[in-house]
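I opened this notebook to record what I looked up, entry by entry. The sequence and the structure come first, and my notes follow.

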Amino acid sequence: MLYDQFADFPRQKLHKSVVLDFDQYNLNKIESDETIRLKQPYWLKPHCYRHLHPKSRLEYNLSKKVDSSEQIVLWCVEVSTNNERGFTMMIKVTVNGIEVEVQNDTRIIHAAKKAGFKIPSLCYVQDIPATASCGVCMVEANGQLVRACSTACVNGMKITTHSKKLMDLRYSALQLVLMNHPNNCPECVRNGNCELQSLAQQLGMRQLPVSSMPRPHSEIDESSQALIMDPRYCILCGRCVHVCNEIQGVHALTKSNRGFESLIGPAFERKLEESECVKCGQCSAYCPVAAIYEKDATAAVWDAIDDPETVVVVQEAPAVRVALGEEFGLEPGTNVVGEMYTALRMLGFDYIFDTNFGADLTILEEAMEFATILTKNPEKLPLITSCCPSWVDYLEKFYDDLIPNFSTAKSPHQMVGTMVKTFWAKKMNLAPEKIFLVSIMPCTAKKYEIERMEDMYASGCKDVDVTITTREFARMLKKRGIDLVGLPKGVADDPLGQYTGAGTIFGATGGVMEAAIRTAYYYVTGEDMPNPNVEFVRGHKAIKTGELEVAGTKLRIAVASGLANVKELLDRVRKAKNEGTETPYHFIEVMACRGGCVGGGGQPYLSLNVIRDKRAKGLYKEDGELQLKHSHHNPSIKKLYEEFLEKPNSKLAHKLLHTSYIARPVKYSSKD
Ligand code: SF4
Ligand code: SF4
Ligand code: SF4
Ligand code: FES
């Protein structure tokens, strides 16, 4: 809904910063789930449209020197609602003569879809606010040219979507983008999976623009262990900036300069590695072109497979099995674990293990850590989970005072790595250096994690040699002509391939917590939970809290996903610690990506809300179907402790399966 009455809201004199006080401007009647969009001068930070809580005060920092007498104008351009309360009502609009009923805040692009017309878009993608920068979605609404991605319907609106004039306009908008683009599709990493390429196909582009005006751009940035930024390809859609700043709350990316000179990247011309970036890869998952992408490690995997002297072992994360099928046309959430094992054998891997086994092992160590602190040193709580490397990186950069609260248990794939190169290597009479271990992850940050600390070489050599994402794995399969659909279901190898339901739900937000609670309950009470389903930690809500009684103690639990949501939780914990008051939570799970690893930065492109939900359901379905639901019931894990590790948190387990953390402050923050 457009609120013209706020057209000149508010004018403020600038001194050090600008503060918007919503109460002052009568915006407090807006409901808490609604979105307020503010237009503002480009040099104000943060630049992009913001999701705001209407009761919040919004403080802008100035990124240029401003005369204190200078005035700026910020104005509220839109308030939209996601819920059934407040301003929601149904209206009717006509799209190319077809009448449809939609909610009053519906964008034209969605109303047209309801009427059966797909309006092309390039900068806009569902789930994040429109930046309205490319112009390919132009339509006529009540005789006016408007952008369908950012314009809300009003009652009685008459919309034309595909007249000759509009088609020509779109074609010209696309030509403008292509004039600034390398247009070298065959050698591009996104060839065949590029939104710009698809749009050119959709609009019937058969000839590239004759003249080209390459924008000035910075060098390709390969400094990060996880990602590559190639500014030549950037179409300035702004999606990555929104995702990094608003959804992840990391503020590693910004738009500098204006118009033709615009550039996307870390502020102060820093490399990604020097910036706040925590390598979650969400920017790469939302980038429509090849301007940000994961560092491809498939060449090393091919080399290992083709070397007859090397024993090539592979493990796959829980979230991969419910997303990989999408690359082969299957519904999100389809569990292709059996087909995946078969495909891995066809690719040439010698042994196939499963990261879900590692998840069970992580739980035994982490739940023991929690149970020990709870029963012996409760003043040291909360314990915070640590299996997400982006989250670890975030903590080390921004909350290092909470390092003592971090679980020291390694993540599941690192645990599998160490066990393969110690326990299993010994069993097989193999030298660890002869083993090449590949992990297939939904995650770009795991590429960093495998070299994060010396602890990742606990076996005496690199525990996990190479990590590839779900996307890289799909590319490998396609290269070898392996179609996942219709393959017979295979099985993983013993002993590091067996897993329980607790291991598989690790891939969804709340899953680590639920799995840990199942085993911590057992450690504290000596009995299994009568009902292992911990419903309040499930679902895609950004922050989930609840209480659970264990042996007479009411445990306060918190689960958060999407790093921007973490600050609120951590600030509460930090405050209690500093003031010496009781901790607000006993046990906290954090996953950097929204929805947990099912929405990881290395999953098939565009993990929209609806897709992440389906993937999570796929994992909970498997948990429901598996007979064993508690990590401590995994027979292979029991055997591992009997034969090798002795018991959870033993001296050897600590040496091989635990890690440590250090403060890694960012030198120049773009928030400064
Ligand atoms: S990887 Fe994550 S933190 Fe780094 S720039 Fe991308 S979105 Fe931001
Ligand atoms: S890097 Fe990608 S997502 Fe970011 S502005 Fe450029 S094209 Fe868009
Ligand atoms: S939530 Fe999962 S996919 Fe995302 S950064 Fe963390 S471990 Fe990686
Ligand atoms: S998709 Fe609407 S302006 Fe780009």
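In which sense do strand β10 and β11 pair, and over how many bridges? I noted at the outset that the model is a predicted one. I then found that β10, residues 138-141, pairs with β11 in the antiparallel sense, over four bridges.

**Entry: a residue pair in β11**
I looked for the bridge partner of A141 and found Q144, which lies in β11.

**Entry: the sheet of five strands**
I next traced the sheet around this pair. The sheet is open, has five strands and shows mixed pairing. Read across, I recorded the order as β9-β8-β12-β10-β11. I identified β9 (98-103) and β11 (144-147) as the edge strands, each of which pairs on one side only. For the twist I noted an average of 35 degrees from one strand to the next.

**Entry: a helix on this sheet**
Which strands does helix α2 lie across? I found that α2, residues 164-179, lies across β10 and β12 (158-160). Relative to β10, the helix runs at about 150 degrees.

**Entry: the sheet of four strands**
I turned to another open sheet, which consists of four strands with parallel pairing. Its order is β18-β17-β20-β21. I recorded β18 (351-352) and β21 (466-469) as the edge strands, since noted as pairing on one side only. Between β20, residues 435-441, and β21 I counted four bridges in the parallel sense. Within β21, T469 stands opposite M441.

Which residues come nearest to ligand 1? Among the 14 residues around this ligand, I listed C244, A252, C277, C280 and C283 as the nearest. By class, I recorded ten nonpolar residues, three polar and one charged in the shell around ligand 1.

I repeated the search for ligand 2, which has 14 residues around it. Those that come nearest are C234, C237, C240, C287 and A291. I noted that the shell around ligand 2 holds twelve nonpolar residues, one polar and one charged.

How values were computed:
Residues numbered from 1 in each chain as written. Chains lettered and ligands numbered in written order. Predicted model: local features only at pLDDT ≥ 70, side-chain atom pairs only at ≥ 80, totals over all residues. Near = placed C-beta within 6 Å. Nonpolar A, V, L, I, M, F, W, Y, C, P; charged D, E, K, R; others polar. Pairing = 2+ DSSP bridges. Helix = DSSP H or I, 4+ residues; strand = E, 2+ residues; numbered from the N terminus. Axes fitted to C-alpha atoms, helices over the stretch in contact; angles between N-to-C directions. Contact = placed C-beta atoms within 7 Å.
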